[in-house]
Amino acid sequence: MLRTHGRYTYSNITKRPDYHWPGGKRLAVYVAVNIEQFSYGEGKGAAIAPPDQANSHSIFSWRDYGNRVGIWRLFELFDTLEIPIEAQLNTAVYEHCPDIAAALRQRGDEILGHGITNSDEQGGLDEAAEADLIRTVTDTIERHEGQRPIGWMSPWLSNSAVTLDLLQEAGYRYVMDWTCDDQPIWMQTRQGRILAMPYPIECNDTRGIVWYRYTSSEFCDMLIDNFEEMLEQSERQPLVCPISLHPFVMGRPYRIRQLRRAFEHILRQRDRIWLTRPRDIYAHIAGLPSGIVPGS
């Protein structure tokens, strides 16, 4: 027998019980913005340069553009189009770029736990150190926002064998690290359950543009095609259509122009979709009867 993780069991999406999103909608759409702070000259790079250049000043400053310029252009776009977002936020942003967090707060956007910096992964930490990281991040967000986050995305989606257990025990209700489904599913931990929120690996600008080397127009065509196909598929099952953006990638002017095109296309169907944030998806799923959602 193959080794398994024991967190969830196989489930065929076409054979599951049906349900609706609020208002009878069938497709939930959310926009995730990765707002990150990197350590200068050390830690992980962004896979855009040979390893010996990953910590150069040029790569640091390329990423720093996202916090200095890109996020503010994206905020302008989201405000104009009235798009709610959630932000997975490195807590180092509170120290280095506090006005970004203030803007998220003013907009009413959701903030997720996302480590301290994306220069470091968490999956290689021992249990005590990982628990301390999660506690530090959670306490920092609560101190600034007045409430504890309920969602978590690990830096680089990096998990140890006990990450889900530690998150559930720290009070987290959902996690973005497991990308196995187009519906939320319940995953098992040693003290209870935690929800796996659908998160995009491919409709994600670092993967699509930096890693796969799509042009900005090709990437936005992919967002449109994915949305249109999921809108049709959602007639048979309720689905979640997530879009993931990084300000140092999609915050460039020529890419924003294409992104605006994609969002304007999606928003022509605003009356047919639930444009939302993950915390509200979680609340809806948590309120469904047992047996509806896989793992319940």
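Figure 1. Arg261 is partly exposed, with a relative accessible area of 31% (buried means under 20% relative accessible area, exposed over 50%, and partly exposed in between, using a 1.4 Å probe and protein chains only). Arg261 and Asp221 form a salt bridge whose closest N and O atoms are 3.0 Å apart (the term asks for a side-chain nitrogen of Lys or Arg within 4 Å of a carboxyl oxygen of Asp or Glu). Because Arg261 lies in helix H9 (residues 253-267) and Asp221 in helix H7 (residues 216-233), the pair ties together parts that are 40 residues apart in sequence. Helices (H or I, at least four residues) and strands (E, at least two) are DSSP runs, numbered from the N terminus. This is a predicted model, in which local features need pLDDT of at least 70 and side-chain atom pairs count only at pLDDT 80 or more, while totals for chains, interfaces and linings use all residues. Residues are numbered from 1 along each chain as its sequence is written, and side-chain values use heavy atoms, with hydrogens and water left out.

Figure 2. Arg277 sits in the loop between strand S9 (273-275) and helix H10 (278-286), and Asp109 in the loop between H3 and S3, so the pair ties together parts that are 168 residues apart in sequence. Arg277 counts as buried at 13% relative accessibility, and Asp109 counts as buried at 8%. Look around the pair and you will find a network of salt bridges linking Asp79, Arg107, Asp109 and Arg277. The structure holds 14 salt bridges.

**Figure 3. Helix H3 and its buried side.** Ile100, Ala101, Ala103 and Leu104 are the buried residues of helix H3 (residues 98-107). They cover an arc of only 155° around the axis, which puts them on the same side of H3 (the arc is that of the directions from the helix axis to the C-beta atoms). An α-helix has 3.6 residues a turn, so residues three or four places apart point the same way. The packing partners of these buried residues include strand S1 (27-35), helix H1 (57-81) and helix H4 (127-145), where contact means heavy atoms within 4.5 Å. Just after H3, Gly108 takes a positive phi of about 80°.

**Figure 4. Arg105 of H3 reaches Glu145 of H4.** In this salt bridge between Glu145 and Arg105, the closest N and O atoms are 2.8 Å apart. Glu145 belongs to helix H4 and Arg105 to helix H3, so the pair ties together parts that are 40 residues apart in sequence. Arg105 counts as partly exposed, at 38% relative accessibility.

**Figure 5. Strand S1 and its parallel neighbours.** S1 is mostly covered, with nine of its nine residues buried. Leu27, Val29, Val31, Val33 and Ile35 are buried on one side, and Ala28, Tyr30, Ala32 and Asn34 on the other. Seven bridges join S1 to strand S8 (residues 239-245) in parallel, with Val240 as the bridge partner of Ala28 (two strands pair if DSSP finds at least two bridges between them). S1 also runs parallel to S9, joined by three bridges, and Val29 stands opposite Leu275 there. With S2, S1 pairs in the parallel sense over four bridges, and Asn34 stands opposite Gln88.
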